[in-house]
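Colleague: Could you take me through one part of this model closely, namely the enclosed space inside the protein and what surrounds that space? I would be glad of a careful, connected account.

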Amino acid sequence: MNHPGLLVMDVDSTLIDEEVIDELGKAAGCGERIAQVTEQAMRGELDFREALRARVALLEGLPVSVFDEVYRHIHFTNGAHELIDTLHAHGWHVGVVSGGFHEVVDRLADDAHIDYRLANRLETRDGVLTGKVLGEIVTKQVKLDSLHTWADELGLPMSQTVAMGDGANDIPMILEAGLGIAFCAKPKTREAAPAAITTRDLRLVLDFLE
């Protein structure tokens, strides 16, 4: 860590222990159904865009206050704050890119002092969710593009980047970064990644950077 760098990581099941879409599903009374689709999508068995749209459609009618409720029930992964603070102390920047939602990701990023964030945005009308996603959906290509964009902004070569995640949609950025880490990942991601962490402790990332 003698030189500045950039860590880009996934949010659900990486920065935090939970999958936010599954927590929203529980609030909507269809948690099991949504969790099943999430698992298939993360294993790379379903098209991510279609899987996301299908799950978000089930959230139609939920009040926007559900985000407050969900935020109270999610937990930063063990070691998350220590990892981010240590990287900042060494002149690094941290970004998160998520197939989840800005309504929760922005709060997480603010709480953890994360420099960059990108996620999906849910459409609301009259204080309730419409069951639709606004704008471009964050796919594996968007995650990869974010890694490049943020590194370029910082004037960093790919060799000074780290990308980490658990799902199939994290694989392209994991393979592109100077160091790619599968974090407690699905089998497909673990097989593709050059490095892996199998214990839910984000401080273990620092062992790769010494």
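Modeller: Before we look inside, one term has to be settled: the domain bounds used here come from an automatic or database domain assignment. Please also keep in mind that this is a predicted model. With that said, a search of the whole structure finds 1 cavity of 30 Å³ or more, and about 130 Å³ of space lies in this largest cavity. Rolling a probe the size of a water molecule over the atoms shows where empty space is left.

The lining of the largest cavity is made up of 15 residues, and those that lie nearest its centre are Asp12, Glu19, Met42, Phe48 and Gly99. Two or more lining residues come from each of the elements α3 (31-42), α4 (48-57) and β2 (93-101). If you sort the lining by class, you find 5 nonpolar, 4 polar and 6 charged residues. Both domains take part, since at least three lining residues are drawn from domain 1 (5-16 + 75-208) and at least three from domain 2 (21-71).

Charged side chains also pair up in this model, which holds 14 salt bridges. One of them joins the side chains of Asp68 and Arg107, at 2.7 Å from N to O. Asp68 belongs to helix α5 (residues 66-73) and Arg107 to helix α7 (residues 102-112), so this pair ties together parts that are 39 residues apart in sequence. Asp68 is partly exposed, its relative accessible area being 34%, and Arg107 also counts as partly exposed, at 29% relative accessibility.

Another salt bridge links Lys143 with Asp170, whose side chains meet at 2.6 Å, again N to O. Lys143 sits in helix α8 (residues 140-154), while Asp170 is in the loop between β5 (161-165) and α9 (171-176), so the pair ties together parts that are 27 residues apart in sequence. Both Lys143 and Asp170 are buried, a word that stands for a relative accessible area under 20%. Through salt bridges that share partners, Asp10, Lys143 and Asp170 are joined into one network.

A further salt bridge is formed by Glu82 and Arg203, with the closest N and O atoms 3.5 Å apart. Here helix α6 (residues 80-89) supplies Glu82 and the loop between β7 (195-197) and α11 (205-209) supplies Arg203, so the pair ties together parts that are 121 residues apart in sequence.

Conventions: Residues are numbered from 1 along each chain as its sequence is written. This is a predicted model: local features need pLDDT of at least 70, side-chain atom pairs count only at pLDDT 80 or more; totals for chains, interfaces and linings use all residues. Side-chain values use heavy atoms; hydrogens and water are left out. A salt bridge is a side-chain nitrogen of Lys or Arg within 4 Å of a carboxyl oxygen of Asp or Glu. Helices (H or I, at least four residues) and strands (E, at least two) are DSSP runs, numbered from the N terminus. Buried means under 20% relative accessible area, exposed over 50%, partly exposed in between (1.4 Å probe, protein chains only). On a 1 Å grid over the protein atoms alone, a cavity is a set of points where a 1.4 Å probe fits but cannot get out, and a pocket is an open set with protein on both sides within 12 Å along at least five of seven lines; lining residues have an atom within 4 Å of a point. Grid points are joined across faces, edges and corners, and a volume is the space filled by probe spheres set on the points. Ala, Val, Leu, Ile, Met, Phe, Trp, Tyr, Cys and Pro count as nonpolar, Asp, Glu, Lys and Arg as charged, and the others, Gly among them, as polar.
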